Amino acid sequence: MEYDVVVVGWGSAGTAAAVTAHDQGARVLILEKMAKGGGNSSICGGNIIVPKGKEFLEYLDTLSFKTTDREILEAFVNEALQNGDWIRQMGADIQVFRPLEVAYPTMIAGAGFPHVKGAENVVKYNIKGTPEEGKPSQRLWKFLSGLVAKRGIQVLTSTPARELVPNERGEIVGVIAEREGKAIAIKARRGVILTCGGYENDPWLKWDYLPVKPLSFLGTPANTGDGIRMAQKIGADLWHMTRLACLIGFKAPEFEASFWVAFLSEGFFFVDKYGRRFVNEAGIEIHEYYRELSHFDMEKMEYPRVPLWAIFDEQTRKRGPLSRGTAGYNRDLYNWSLDNSAEIAKGWIQQGKTVGELASKISVDPKVLEKTLARYNQLCKSGKDEDFGRPREDLRPLEAPFYAIQLWPSLINTQGGPRRDKEARILDPDGKPIPRLYAAGELGSIWGFLYQGACNIGEALVFGRIAGKNAAAEKPWS
Ligand SMILES: Cc1cc2nc3c(=O)[nH]c(=O)nc-3n(C[C@H](O)[C@H](O)[C@H](O)COP(=O)(O)OP(=O)(O)OC[C@H]3O[C@@H](n4cnc5c(N)ncnc54)[C@H](O)[C@@H]3O)c2cc1C
């Protein structure tokens, strides 16, 4: 098999790369590990960054904490400014993201770090459409997969890439993939683009790079760090390996991924394994739960906040499903009941007429949980959370009956992988590009410290386009 450009992984980065290379005249093949494409891109929140102006760079420079060269951030900003135009040129349109008014974690339309210079440039969009036309990421994937179909770009599904093939000059000239149990060799005359996601579902890499254990995931089980290993084998440098975006989720044993959990009412608080409150629950940036939960107790040699418990009351139970099914791998596998009653019946949510009864059910010392609740309710009544600074408007005393759900830090992705430059070329440890090898998307993303929401899809589209353009422009080696 012979193509100009081989794209490994069919999510948003793979689509942007394949479509751009195709539109430059290249013959493109997409290899996809799963029976269908989409990856995290098809089950995400669907938010896409289109910054207001170039000052967005100052914001990102602060967030990156010098983990990503400014020239790479600059390349990202310049191209991200075009995200809306690109989507329109490709035949769809965008609309501004409108978050729920009351939800914890708070979903915000703007910057995750509003006090940082340049934050006013953050605007999140999604693909224009109504809820009847699908959830935002369903609309996104319908649009992206449609671009591939319309062009007749060949996709081999259920065909994971296994190895990159270098020639004697170190140029990447092909890929070995696995199809129906057999190895197949595919020549890439111009270049190979890796867009096969992070390692959020690889137990070994997680164990090694991410101290908090265990770490569950909300997205596709397919992203197991294959691109990292393939790139390492041919001498790529790695970067941002310890960075990630992490929410909280409920893990049912019969489901591979966690359910993303959010509370639609103020009537809840978090406690650690021992029933102690530890944080302003309303103040955690939505992607940064990992930092909050990563406290390690040296005396006990454990992470006391993993898992944590959310304690809530009847009003919160009735306000809406704890897992709304907007995003996540389980979205299409299970319908969470509107009043959470089915999940109580399943034992996923524990119930107690008194807080003492609830504590016994979740193996927490009743005296500790009773004390925590009494203190929390007292702080709510006084309107001032002297312990953790939760704002007055986010405080409401809890009333019996009480409920508890066990929560785990749950990755939406990992950000690390092969180091790349502003041209999306994968670099070796000396900073030299590995010829004809490119990457885009969450595999070795540019997010090296704090992450701004909506920037993963935004970046997948940006570096997908850059990689596709540059790979298609390579001179064929044969
Ligand atoms: C619940 C949730 C909500 C999110 N919300 C947002 C949001 O609103 N905005 C935002 O910007 N980001 C969001 N994210 C993050 C974002 O979805 C991802 O970072 C982004 O989709 C990554 O795109 P990608 O193309 O790099 O990878 P993916 O879309 O994950 O695609 C990678 C593809 O590679 C395939 N693959 C893996 N290994 C191989 C192999 N060996 N060979 C061939 N194929 C392979 C996978 O099957 C997959 O199809 C969210 C993620 C989740 C899980």
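Predicted model: local features only at pLDDT ≥ 70, side-chain atom pairs only at ≥ 80, totals over all residues.
Biologist: OK, helix H1. What span should its twelve residues have?

Modeller: Residues 12-23 should span 16 Å at 1.5 Å a residue, and the end C-alpha atoms are 16 Å apart, which agrees. The expected span is 1.5 Å times one less than the number of residues. Helices (H or I, at least four residues) and strands (E, at least two) are DSSP runs, numbered from the N terminus.

Biologist: Why call H1 largely enclosed?

Modeller: Because ten of its twelve residues are buried; among them are Gly14, Ala18 and Val19. Buried means under 20% relative accessible area, exposed over 50%, partly exposed in between (1.4 Å probe, protein chains only).

Biologist: And what covers those buried residues of H1?

Modeller: The cover includes strands E1 (2-8), E2 (28-31) and E9 (182-194), plus helices H4 (83-89), H5 (136-151) and H13 (455-473). Contact here means heavy atoms within 4.5 Å.

Biologist: At what angle do the axes of H1 and H13 cross?

Modeller: Roughly 30 degrees, and the axes come within 7 Å. Axes are lines fitted to C-alpha atoms, for helices over the stretch in contact, with angles from 0 to 180 degrees between N-to-C directions. Residues making the contact include Ala13, Ala17 and Thr20 of H1 and Leu461, Gly464 and Arg465 of H13.

Biologist: What comes after H1?

Modeller: Glycine 25, with a positive phi near 100 degrees. Helix H7 (residues 226-233) has a glycine just after it too: glycine 235, with a positive phi of about 95 degrees.

Biologist: Switching to strand E17, how many of its 13 residues are buried?

Modeller: Eleven, so E17 (residues 402-414) is largely enclosed by the rest of the structure.

Biologist: Which way does E12 run against E17, parallel or antiparallel?

Modeller: Antiparallel, with E12 (residues 244-250) joined over six bridges; leucine 244 has threonine 414 as its partner in E17. Two strands pair if DSSP finds at least two bridges between them.

Biologist: How about E10 and E15?

Modeller: E10 (residues 216-217) runs parallel to E17, with two bridges, and phenylalanine 217 sits opposite leucine 411. E15 (residues 308-313) is antiparallel to E17, with six bridges, and leucine 308 faces leucine 407.

Notes: Residues numbered from 1 in each chain as written. Heavy atoms only, no water.
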